[in-house]
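Hi,

Here is the structure you are taking over. Please open it first, then read the notes below it.

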Amino acid sequence: MNKKIPFMKYRKVAAIVSAVLFSISVLSLSFKGLSLGLDFSGGTLIEVTYEEPVELESIRNILIENDYEDSQVVNFGSNLDVLIKVADQNGNSSIGENIFNLLNDSGLNGELKRVEFVGPQVGSELRDQGGLGMLVALFMILMYVAFRFQYKFALGAVSALGHDVVIILGFFSIFAWDFDLTVLAALLAVIGYSLNDTIVVSDRIRENFRSERTLGPQEMIDLSLNQTLGRTIVTSLTTLLVLFALYIFGGELIKGFSLALILGVMVGTYSSIYVVANMLMSLSITQEDLAVPEPEGADFDELP
Amino acid sequence: MNKNSALRYITILIVLGLGCLYALPNLYPTQPAVQIAYTDSGKSADQSLLDEAEAILDNQASGYQDIFLRDNKIVVKFNTLDQQLEAKTALQNTLLDKVIIALNLEPTTPQWLKDLGGSPVKLGLDLSGGVHFLLEVDIDTALQARLEVLLDNYRKSFREDKLRVANSSVKDLALVFEFKDTESYNNALRAYRNDSIGINGGIQYIITERPSRKTLLLEYSDVAIKEIRDYAVGQNLTTLRNRVNELGVSEPVVQRQGANRIVVQLPGVQDPTAAKKIIGKTANLEFRLEANARTSPLRKEEFNFKDNEYRTAFLERAVVVTGDRVTNANTGFDESGFSQVNITLDMQGGRAMQKATSGNIGRGLGVLFVEQKSKSELVTDEFGNKVIEQTSYIEKNIISLATIQAVLGTSFRITGVGSPQEASELALLLRAGALAAPMKFVEERTVGPSLGKENIELGMTSILIGFSLVILFMALYYRVFGLAANISLVINLVLITGIMSLLGASLTLPGIAGIVLTVGMAVDANVLIFSRIREELKNKDPQSAIHDGFSRAFVTIFDANVTTLIAALILYVIGTGPIKGFAITLSIGIVTSMFTAIMCTRAMVNLIYGNKNIKELKI
C-alpha cells in the first residue's frame with residue numbers, strides 16, 4: 001500500500017466522464033425509455049420447452065392466424081425453449097392457457113414451463129411502488145448518513161447512489177434489456193452495495209481529517225482513497241466473482257438481475273472513489289466540518 | 001493481549017449450536033405421502049376415517065410406512081412413489097367423493113427436532129413449482145347490490161308512509177329519490193337522518209340535499225364502505241379457502257393482501273387451468289321460479305342456458321334463495337341410475353324455499369349462475385388520447401332448470417343434470433358457496449415442476465461455484481487470516497440456512513441470488529479488518545495491530561451494514577413474492593456476516609495468534 005495514486009488530480013476528468021455517462025443515460029431514458037418487463041407493462045408470458053428445436057416462424061404464424069398479432073416469440077436460453085409474450089388484452093387472464101392449447105392443437109406438443117399474467121393495473125402499481133421505494137430508500141440513507149457523518153457526506157453519498165442508479169438504468173435503456181422486478185431488486189441491492197463502499201471511504205476521510213491535521217483537503221482525500229484502495233479492490237473482486245458465477249450458471253431467469261448487479265458493482269466502485277470525493281471537494285470540506293463531537297456521557301463524568 | 005473471553009466463546013457456541021440445530025432438518029430427505037381430508041370442510045378427519053383408510057390400505061395397497069392424524073387431516077407416509085400412487089387410487093376408489101386426497105412430500109425430520117420447532121426451509125413457488133394467483137374483489141358491485149336492497153326497502157317504507165315518489169334509482173353508487181312535493185321530501189330527509197346513525201354510533205350514510213329539485217342522494221360513508229369491504233373480502237377469503245380445499249393441495253396459501261386483494265398460492269399444482277376453473281368461478285347462484293303464463297311481463301326475465309346458447313327460458317325476477325344459503329351439495333344417483341345433485345340449505349334458505357314451492361308444484365325451478373366478466377373498448381379521454389376502458393358486467397346463465405316435484409325444504413335434489421362429471425362440477429360450484437362480491441384475476445404466475453427443479457439446480461450450482469471461487473481467493477490472498485475468514489463464511493451459510501428454517505421464510509430464486517451476493521459481500525467485513533491490520537502493522541507490533549485493526553474496522557463495518565440493511569428492508573416492504581425472498585436472504589445475510597466477521601473471525605485469529613510473542617505477521 002505504499003503506492004500513491006493522485007486520484008484527485010484527475011477529478012476533473014472523472015467529473016466529465018460521469019457527466020457524459022449521466023447525460024447519455026438521462027437522454028436515452030427520456031427519449032427511448034426502458035423496455036419494461038412483464039411485471040411493469042402487464043400482459044401475458046408463456047415459456048414452453050420442446051423435445052427438439054421448433055421453427056419460431058411457425059409459432060408466429062399460428063399466433064397471427066389466431067389474432068394474437070401483438071406478440072413476441074423468442075428462444076429463451078436454448079433453442080428448445082420458446083418464450084412467447086403477448087401484450088395485455090383487456091385484463092384477460094386466460095390468454096396463456098389458450099395459446100398453449102392452441103400450439104398443442106397445431107401439433108407442437110411441448111411442456112409448459114411457466115405462465116405469467118400481470119393485469120394492467122397491477123403492472124402500473126408495481127411501477128409506482130418500485131419508484132417510490134427507490135426514493136424512500138435514497139431518502140432514508142441520506143438521513144442516516146447525515147446523522148452519522150455530516151450533511152456534506154450525505155449529499156456525496158446520495159449523489160453517488162443517484163449517479164449509479166441512473167447510469168445502470170441508462171444501460172438497460174440503451175441496450176433495451178428487459179427491466180423487470182428482479183432488476184429493480186438488483187438496483188436496490190446496488191444502492192446497498194455502492195453505499196457500503198461509499199461509507200468505507202467516507203469513514204476513512206473522516207478519521208484522517210481528525211487525526212492528520214497537517215494535510216490539505218486534496219492530499220487528505222488522496223491519502224484516504226489510497227488507504228482504502230486495497231479493500232475496495234478485494235471486495236469488488238470477490239463480489240464480482242460470485243456475480244459472474246450467478247450470471248453464467250444461474251440460468252436465464254436471473255440473467256438481468258446479475259447483469260444489473262455486475263454493472264452496479266463496477267459503477268459503484270468507481271463512484272465511491274470519484275463521485276463522493278468530488279462532491280466533498282466541491283462542497284469544500286474542512287476540518288471544522290468534522291470536529292470531534294463531545295463524547296456521549298461526558299457530562300455525567302463531570303458531575304460531582 | 002487478544003485472548004478470547006469466556007463470554008465470547010459462550011456466545012459463539014450458543015449461536016453456532018442453534019444455527020446448526022435449525023439448519024439440520026434440511027439434511028433429511030423428503031418422502032412420498034398422501035393427505036386425506038373430508039370433502040365437507042366443516043368436518044375434521046377422525047379416528048373412524050383413520051380406521052377405514054387403514055383397512056383399505058391393508059387390503060388393497062402393497063404397503064405404507066406410517067398413518068396418523070394431523071390438523072384435521074390423515075397423513076399416510078410411503079417408502080416409494082409407486083406405493084403412494086397405488087394407495088391414492090385404492091383410497092379414492094373406495095372412499096369416492098367423501099374425501100379429498102392430496103399427494104405431497106413429507107419431510108422426514110425426526111420427532112425430537114420437530115418438537116424443538118425445527119423444519120426444513122420452505123421453497124417458494126418458483127422453486128417448488130405451482131401457481132400464484134392475485135384476485136381483486138370488486139367492491140363496487142357489492143355496494144351496488146346493497147344499494148339495490150336499500151332501494152327496495154326505502155320504496156316499501158316510503159309507500160307505507162304515503163310519501164309521493166316521482167323517481168327512484170341507484171346511480172353512480174348513490175341512491176337517488178326524487179319526490180313530487182316538498183312535504184314528502186322533508187319527511188324522507190328526516191327518515192334518512194334517523195337511519196344514518198349506525199349501531200355503533202358511526203355515520204352510515206352521506207346525505208346530499210337538493211331541495212330545489214326535491215331530490216335526495218344517499219351514499220355510503222367511508223366508514224360504512226370500509227366495513228362492507230372488510231366483510232366482503234373476509235367472506236370471499238372463506239369461500240376461496242373452501243374452494244382451494246376442494247383442489248386437494250397439501251399446503252395452500254389464501255391470504256388477504258392490501259385493501260381488496262386476495263393472494264392464492266398452490267404449491268405443486270401442475271394444471272393451472274383446472275385450478276383456475278375452480279377458483280376463478282367468480283360466481284354466485286340464484287334459485288328462481290320459472291315464469292308461467294300468468295306471470296306479468298314486468299316480473300320476468302329471459303336468460304340463456306350456459307351449455308346451449310340457443311336455448312333460453314323465462315324466469316321470475318324474484319329471487320327465492322341465493323347461493324350463500326347453500327350449506328352442502330354432493331352428487332349421487334337417482335333410482336334409474338342417472339346423476340343427481342343433492343342440495344342442503346340453511347334454515348332461512350329452507351324456509352324461503354318451502355314458501356316459494358308450496359303452491360308451485362309442477363312449475364320449473366331454475367338455478368342461475370352469475371358470473372363477473374369484463375369487456376373493454378377503445379375510447380378517447382379528456383386529453384384526446386385513445387385509452388382502453390375496461391368495464392365489468394354481469395352475466396347470468398341458467399345452469400339447471402328442473403321441475404318441482406314436491407314442496408322443498410332444507411334438503412332437496414336436482415335430477416337430470418347430465419353426466420356424472422357435469423353433476424360433480426355443479427355440486428362443487430354449489431358447495432363452494434357464494435362470494436360476497438365478485439372477483440377477477442389481476443395477476444397469475446405459474447411455474448411448471450420441471451422449471452422449479454431446474455431453478456433449484458441452477459441456484460445451487462451458482463452458490464457452490466461462487467462460494468468456491470471466493471474461498472480460493474481468500475485463502476491465496478490472506479493465507480492464515482483467509483482461512484479464518486473462510487471458516488466464518490461457512491458458518492455464515494449455516495446460520496443463514498438455520499435462520500431461514502426457523503423463521504419459516506420461503507426460499508425463492510432471487511433469494512438464492514441474495515445468498516450468493518451475501519457470500520461475495522460477507523467477506524467485505526473480513527477484508528476491512530485484515531487491510532486495517534496490515535496498515536496498523538506499519539507502526540505497531542503485531543498484537544496491537546490485530547487489536548486495533550479489529551476495533552477500528554468495527555465502526556466502518558457497522559455503518560456500512562446498517563445502510564445496506566435499510567435498502568434491504570425497503571425492498572422487503574415494497575417487494576412481492578420472489579423479491580421479498582431476496583430481501584429476506586439479503587437482510588439475514590447482512591446480520592449473520594456482521595456477526596461472523598466480528599465474533600467468529602476474531603475468535604479464530606485470537607486462538608491462532610493470541611497470547612503469543614509474534615515477531616512477524618503474514619497477512
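pLDDT is the predictor's confidence in each residue, on a scale from 0 to 100. This is a predicted model, in which local features need pLDDT of at least 70, side-chain atom pairs count only at pLDDT 80 or more, and totals for chains, interfaces and linings use all residues. Residues are numbered from 1 along each chain as its sequence is written, while chains are lettered from A and ligands numbered from 1 in the order in which they are written.

**Confidence**

The model has ipTM 0.83 and pTM 0.76. In chain B the mean pLDDT is 82, and 90% of the residues reach at least 70. Helices (DSSP H or I, at least four residues) and strands (E, at least two) are numbered from the N terminus. Where pLDDT is low, the predicted coordinates should not be read in detail.

**Domains**

Domain bounds come from an automatic or database domain assignment. Chain A splits into domain 1 (7-36 + 122-290) and domain 2 (43-118). Their C-alpha centres are 39 Å apart. Chain B has domain 1 (6-24 + 448-609), domain 2 (30-108), domain 3 (140-224) and domain 4 (283-434). The C-alpha centres of domains 1 and 2 of chain B lie 43 Å apart.

**The A-B interface**

Here, 57 residues of chain A contact 62 residues of chain B (contact: C-beta atoms, placed from the backbone, within 7 Å). On the chain A side, β5 (111-118), α5 (120-148), α7 (181-211), α8 (217-249) and α9 (255-282) each supply at least two residues. That side divides into 31 nonpolar, 18 polar and eight charged residues. Nonpolar means Ala, Val, Leu, Ile, Met, Phe, Trp, Tyr, Cys and Pro; charged means Asp, Glu, Lys and Arg; the others, Gly among them, are polar.

**Helix packing in chain A**

Axes are lines fitted to C-alpha atoms, for helices over the stretch in contact, and angles run from 0 to 180 degrees between N-to-C directions. The axes of α1 (residues 11-31) and α6 (residues 151-174) of chain A come within 8 Å and cross at roughly 50 degrees. The contact includes A:F22 and A:L29 of α1(A), and A:H163 and A:G170 of α6(A). Its residues are nine nonpolar, six polar and no charged.

α1(A) also packs on α9(A), at about 115 degrees and with the axes 10 Å apart. A:R11, A:A14, A:A15 and A:S18 of α1(A) meet A:Y274, A:V275, A:A277, A:N278 and A:M281 of α9(A). This contact has six nonpolar, two polar and one charged residues.

Best wishes

Technical notes
Two residues are in contact if their C-beta atoms, placed from the backbone, lie within 7 Å.
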